[in-house]
Amino acid sequence: MAKIPVIDISAFVETGDGNDAACREIADALHAYGCLVVKDPRVDDADNETFLDMMERYFEQSDGATDARPHLHYQVGVTPAGVEQARNQCDVMKDLQDGALSECPPVPDAKWRFFWRVGPRPETSKFEELNAPAVVPDAFSDEWRPTMDAWGEKLVATAETVAEMAALGFGLEQDAFRKRMKAAPHLLAPTGSSLAELAKVPANAPPLKKPRKATEPVGPGTILAGFHYDLNFLSVHGKSRFPGLTVWTRDGRKTAPVIPPGHLLLQAGKQFEYLTGGHVLSGYHEVVAHEKCAAAARAAAADVVDLTAADSGENASPAKRRRARPLATYDDDADAPAPAPWRRENTPPKGLLKDESTPRPRMRVAFADDPGAEPRKSADALAAPDARRKAAQRRILGARMDRAIWDAFRSHDFEPIEALLSHGADAAYVRSEGGGETALMAAAYHGRDDLCRALLGAGASPAHTDHKGNSAASLARTKGNATLAALLEGVQIRARSRPGTPEEPAAAPPSATGGAADRKHT
């Protein structure tokens, strides 16, 4: 099984000095795996235990309705079991090297959840549900806010540090990511499920034969959180008490993460994928009540049985008092890191993320005022004055070009390609995720002679062929555009007769970013 990278960020936290090696390790881990485990000196296990103790007591007594806000789509307060349901990812799941256990199509999750906002709110917002007033349970009025804020603020601090180090590792300005997190709707999002009935199941009992109904208790094989990715920028997972989390590496291999004391697991969300043009991919994971989870539940239940009259009260150890209450598994899993990446929406999945397993509290870190933001087409945040930053910019523009070429073939939408060209993307870029296609081939296939001229003028090669032997000219001819095919073949002939000189279009190319009036479609 793959091992998620573990990186010590103590030096950066304590001195603020950007260690190039550590920053590159974080950037490389996010690119290669979509997640990483970090050691942060600010992470105090005592705070985590206090937080988990309170959440166990809360889920034990909640009716799932008093603190719920369904009119706000449950974006604050409690969400009872049977409400959240993962999006249908069956196409992704069937192509994984290691299969997922989640049902296909997905069924409602067996977990409960509580959403708590952490950090300042924006003064104005178009997203009411994302910045609604906090819900404080009446029975916890004295301890709720300080406990939630104390732990949540530490998770946000770690996320901000990792965001800064990742930016430096990618060759960007240190605040390239962090400045977009200001006044965002950061969520502390613990989840819980009663494991009391699971603790009664004999060891190695067979898993459920059919999907669990919402009214049934958690049993062997129950899907607590279905196979999914997160929409936010970063998810931060703290150490939990029961195993259950499975994540996938980018190559489609699954693993069960484990979070050591004083460490946190961070996983990239969809916003990270959008902002980096797919250089970092959002991760997939699921949480299942498997045999290891059941074993932990049985062990906890045994501690309860061992309590005597003398040690069952205030003199009992915190662990025994905790386990005497109904058992719960927190956040999409337990005791470990949880991330997984992958999937460009329109390309066949090729992989996911890294190693670990067990439940824990999770923090969702988003961008200011819009956790579901659309991909940014502008590359102005990537401008870099030195060679290293320019190299990073080229990599990111290339990743965006990869997706833009695919989309152009499928949907006849060339605006992303034109925007990327205006920001310096390579007109001769060849898709690495597909079959060797280029922007020129997409433009020729759809009869965009104006864009073909622009691409040729910017250095695109008409001689290039994809993995199937198709050239831009042959694709144009396939679609019945003999005139454009002849133009592309003529440029090819002139290029061969004058080696070392760039291809020249038959006429001066129009601006690659021109409006509708500049373009003619054939």
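User: What should I know about the model and its numbering?

Analyst: The model is predicted, so local features need pLDDT of at least 70, side-chain atom pairs count only at pLDDT 80 or more, and totals for chains, interfaces and linings use all residues. Residues are numbered from 1 along each chain as its sequence is written, and side-chain values use heavy atoms, without hydrogens and water.

User: Why is the link of Cys-90 and Cys-104 called a disulfide?

Analyst: The term needs a pair of cysteine sulfur atoms within 2.5 Å. Here the S to S value is 2.1 Å. Therefore the pair meets the cut-off. A search of the whole structure finds one disulfide.

User: Why is Cys-104 called partly exposed?

Analyst: Buried means under 20% relative accessible area, exposed over 50%, and partly exposed in between (1.4 Å probe, protein chains only). Cys-104 has 41%, so it is partly exposed.

User: Is Cys-23 buried or exposed?

Analyst: Cys-23 has 2% relative accessibility, so it counts as buried. Cys-293, at 0%, is buried too.

User: How do you know that strand 8 pairs with strand 11?

Analyst: Pairing takes at least two DSSP bridges between two strands. Four bridges join strand 8 to strand 11 (residues 263-268), so they pair. The two run antiparallel.
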